[in-house]
Amino acid sequence: MTLVRRGNTELPTAEEDERINAEIAVDSDNPEWTKEAFARTLPAVKFFSPEMYAMLCTQHMWGPQKNPQGTRNDPL
């Protein structure tokens, strides 16, 4: 895939983007979300039990930080 760089983000070319969108359109197992689907969603606090929600809120999903906030290695 040929990618176009914009800052730190690499974007597909227009042709590749068309192909990607065409493949998304025919994926019946995982269709693109519509405004109506987003409108039907529930916040996690209403979906999970209170115990499960509390557990999810206390988990650190990304592991420990290499440089936690306030401990920068480079001078300002």
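## Reading a predicted model, feature by feature

Modeller: Confidence in the protein is lowest in strand S1 (residues 3–6), at a mean of 59, and highest in helix H2 (residues 35–40), at 94. The score is pLDDT, the predictor's confidence in each residue, from 0 to 100. This is a predicted model, where local features need pLDDT of at least 70, side-chain atom pairs count only at pLDDT 80 or more, and totals for chains, interfaces and linings use all residues. Residues are numbered from 1 along each chain as its sequence is written, and side-chain values use heavy atoms, with hydrogens and water left out.

Biologist: What is the mean pLDDT of the protein?

Modeller: The mean is 81. Of its residues, 70% reach 70 or more.

Biologist: How many helices and strands does the protein have?

Modeller: Helices (H or I, at least four residues) and strands (E, at least two) are DSSP runs, numbered from the N terminus. Here there are 4 helices and 2 strands. Their order from the N terminus is β-β-α-α-α-α.

Biologist: How much of the protein is buried?

Modeller: Buried means under 20% relative accessible area, exposed over 50%, and partly exposed in between (1.4 Å probe, protein chains only). Of the 76 residues, 4% are buried. The protein exposes about 7,600 Å², with 57% of it supplied by carbon and sulfur atoms. Accessible areas come from the Shrake-Rupley method with a 1.4 Å probe; for residues, only the protein chains shown count as cover.

Biologist: Now the charges. Which side chains meet in a salt bridge?

Modeller: Side chains of opposite charge can pair when their charged atoms come close. The rule asks for a side-chain nitrogen of Lys or Arg within 4 Å of a carboxyl oxygen of Asp or Glu. The count is 1 salt bridge. Glu23 and Arg19 form it, at 3.1 Å from N to O.

Biologist: Where do Glu23 and Arg19 sit in the helix?

Modeller: Both are in helix H1 (residues 14–25). They are 4 residues apart, so about one helical turn separates them. Glu23 is partly exposed at 46%. Arg19 is partly exposed too, at 41%.

Biologist: How many aromatic pairs are there?

Modeller: A pair of aromatic rings is described by the distance of the centres and the angle of the planes. Rings of Phe, Tyr and Trp (its six-membered ring) pair if their centres lie within 6.5 Å; planes under 30 degrees apart are stacked, over 60 edge-to-face, and the rest tilted. The structure has 2 such pairs. Trp33 and Phe38 make a tilted one, with 4.8 Å between centres and 50° between planes. Phe38 counts as exposed, at 52% relative accessibility.

Biologist: Why is the pair of Phe47 and Phe48 edge-to-face?

Modeller: Because their planes stand at 85°, with the ring centres 5.0 Å apart. Phe47 is exposed at 58%. Phe48 is partly exposed at 32%, and lies in the loop between H3 and H4.

Biologist: Which residues make the nonpolar surface patch?

Modeller: Patches are made of residues with over 30% relative accessible area and no salt bridge: like charges are joined within 9 Å, nonpolar side chains (Val, Leu, Ile, Met, Phe, Trp, Tyr) within 5 Å. Leu42, Val45, Phe47, Phe48, Met52, Tyr53, Met55 and Leu56 make this patch, of about 710 Å².

Biologist: Which helix gives the most to the nonpolar patch?

Modeller: H4, with 4 residues. Helix H3 (44–47) and helix H4 (50–58) each supply at least two. Leu56 lies in helix H4 and is partly exposed, at 30%. Its C-alpha atom is 9.5 Å from that of Ala44, 12 residues apart along the chain.
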